[in-house]
Amino acid sequence: MKQLMLGNAAVARGLYEAGCDIISSYPGTPSTEITEEAAKFREIYCEWAPNEKVALETAFGASLAGKRAFCAMKHVGLNVAADPLFTVAYTGVNAGLVIGVADDPGMHSSQNEQDSRHHAIAAKIPMLEPSDSAEALSFAKLSYELSEKFDTPVLLKMCTRVSHSQSVVETGSRTEQPVKPYEKNIAKYVMAPANAIRRHPVVEERLRNITEWAETAEINRVEKGGTKLGIITSSTCYQYAKEVFGDEASVLKLGMVNPLPPKLIRDFASKVDEVVVIEELDPIIENFCKTLGIHVHGKDMFPLCGEFSQNILAHAFGKPDKPVKKLDETIPVRPPVMCAGCPHRGMFYALSKNKITVLGDIGCYTLGSAAPLSAMELTLCMGASVSSIHGFNKALGKASEGKTVAVIGDSTFCHSGMTGLANIAYNQSNSTVLILDNSITGMTGHQQNPSTGKNLYGEPAGKINLEALVKAMGINRVRVVDPYNIAECETAVKEELSAEEPSVIISRRPCVLLKEVKHEQPFHVDTDKCRSCRSCMKIGCPALAMKGGKAKVDITLCVGCGVCRQMCGFGALKSSGEK
């Protein structure tokens, strides 16, 4: 059956049809929907792992036991999973193991713009890269065939445009896979140095064999056109090239981007007058061509940063822009902002008001760095806030201990904040850590995590007690506050910063967008009492605005959290029913 399908949904469909049995992932845009879509198939067991390293190790364990397995993550998540990734390349697999990674050119929802092909090259693992939803489905299935044929994990590389765009796919039926018997093999699976030394030549020989396979593989295809220009490309750049050039140029479309096929590339280059490599981010294909002695153009024509488009390609070749549809109206800039009623707002206001240095982390609370709160001064990677404050305070001592905090969300704390806190407790820096517990993984669309008490399916699951965990790690000062109560937040922060030992403040209130959260009636403004002082605007709530010189509440946004009322010294902000 043919149907329009999101790229991520197509991957999930491919996993289903290939007989995948077990998926363990960590949510990360733009990869999240792969696991969420796969969870709709009852034949596949799906879970959210605490982090990407655990997810890959879990998927490997399932592969070792004899069932086809998969894990998904975004590009920075692959950094977290790199430790097992590089060694799984040595051990190989039992049943097929596929690792989905989604890059984010343009950094729509990421802290960097790295190119995951580097991981494939460094780990010596094959990587397939689909250019649309149909290929996303078929490449997912092919990945398992390659994994089992060559005894290797396979990386399936998506990107934002392929993950989050729709194109036509033709679905098939599921092929159930027999469980492959697990056989004890210490030399293959125990990567002690003596065994690992013997496995490295196996990896190199495997890579040579896969390279030979890639030379004639259907997913690496030549589309003949004009011979003056030859384009070597992959992924979305293939789509852009076809739209701009049509049959004017010949195209070598690469579906496998590691290892690359040298014979095929040389043969293609010999049949055209000029070769141009079109690839987003780093010049990996371009540099490979140059090592073959082929003169190519690439990053001398195209940018090293950001996403490409049809018009970027057209401009590079002096062609006119492709026609695009535009709105006549000018759309006002709408920067991202914490939601009305966000439980993080009150705590961030307390920190901003008291001029606290805030080392932050990855999550929707990163928006605490935005004006007017401007209450965050660092965002590096998952868990870095907790580790960084330890080093920050060890370096500056008394000069920073009483006025610096780390903030981290509940999901991020479970992901990689716990080890940093263990370091604080073990090596005793006088650091204060705020766990912003909104009872969900908010940034990626409300996925569960080990502290919510529910699994991926929303069913009851094991629940980490954050207070008990923190105390068990050696933190004696632990307190819970309600972030809707600004005075309580201020008191807690001041008292813990003045203490002469490590401490943790858990700022606990569920995300206002959760279905089970009941909203209060919206507030309104008594214009007779409003003095136009704009104090309520200091919290940056999108439900508040100044209209006609007076504060005004947008009742379609307001959830009645009451934080704004605490800002008003004149009693102008009132809840429903108050006059």
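Predicted model: local features only at pLDDT ≥ 70, side-chain atom pairs only at ≥ 80, totals over all residues.
The chain contains 20 helices and 23 strands. Its radius of gyration is 27 Å, close to the 25 Å given by the globule rule for 579 residues, so the chain is as compact as a globular protein of that length. Along the principal axes, the C-alpha atoms fill a box of roughly 80 × 65 × 50 Å. Of the 579 residues, 54% are buried. Contacts between residues at least 6 apart in sequence were also examined, and 74% of them join residues at least 24 apart. The chain exposes about 25,100 Å², of which carbon and sulfur atoms supply 54%. Its charged side chains comprise 63 positive and 64 negative ones, and the centres of these two sets lie 4 Å apart.

In soluble globular proteins, nonpolar side chains tend to be buried together. In this model, the largest nonpolar core has 61 residues, and Phe348 and Leu351 are the residues with the most contacts inside it. Apart from its neighbours within four places in sequence, Phe348 is in contact with Met338, Tyr365, Gly368, Leu373, Ala375, Met376, Val407 and Leu436.

Helix 15 is followed by Lys355, which is placed in the loop between helix 15 and strand 15. The phi of Lys355 is near 55 degrees, a positive value in a residue other than glycine. Lys355 counts as exposed because its relative accessibility is 70%, and exposed residues are those over 50%. A positive phi also occurs at Arg534, where the angle is near 70 degrees. Arg534 lies in the loop between strand 20 (524-525) and strand 21 (544-547). With a relative accessibility of 47%, Arg534 counts as partly exposed. Most residues other than glycine have a negative phi, and most peptide bonds are trans.

Two cis peptide bonds are described here. One runs from Asn258 to Pro259, with omega near -5 degrees. Pro259 is found in the loop between strand 12 (256-258) and helix 12. Another cis bond joins Ala371 and Pro372, with omega about 5 degrees. Pro372 is located in the loop between strand 15 and helix 16.

The loop between strand 15 (357-359) and helix 16 (384-396) also holds Asp361. Asp361 has a relative accessible area of 0% and is therefore buried, the cut-off being under 20%. Asp361 and Met256 are 105 residues apart along the chain, and their C-alpha atoms are separated by 35 Å.

Helix 13 comprises residues 284-291, and its buried residues include Ile284, Ile285, Glu286 and Cys289. An α-helix has 3.6 residues a turn, so residues three or four places apart point the same way. The cover over the buried residues of helix 13 includes helix 6 (117-123), strand 10 (229-233) and strand 11 (250-254). Helix 12 (262-270), strand 13 (274-278) and strand 14 (296-297) also contribute to this cover. After helix 13 comes Gly293, whose phi is positive, near 85 degrees.

Arg199 counts as buried because its relative accessibility of 11% falls under 20%. When residues up to four places away in sequence are not counted, Arg199 touches Tyr90, Thr91, Gly92, Asp151, Ala187, Lys188 and Met191.

Note on methods:
Residues numbered from 1 in each chain as written. Heavy atoms only, no water. Core = buried A, V, L, I, M, F, W, Y, C linked by side-chain atoms within 4.5 Å. Buried < 20%, exposed > 50% of the residue type's maximum accessible area, 1.4 Å probe, protein only. Contact = heavy atoms within 4.5 Å. Helix = DSSP H or I, 4+ residues; strand = E, 2+ residues; numbered from the N terminus. Rg over C-alpha atoms; globule rule 2.2 N^0.38 Å. Areas by Shrake-Rupley, 256 points an atom, 1.4 Å probe, with all protein chains shown as cover. Lys, Arg positive; Asp, Glu negative; His and termini not counted. Charge placed at Lys NZ, Arg CZ, Asp CG, Glu CD.
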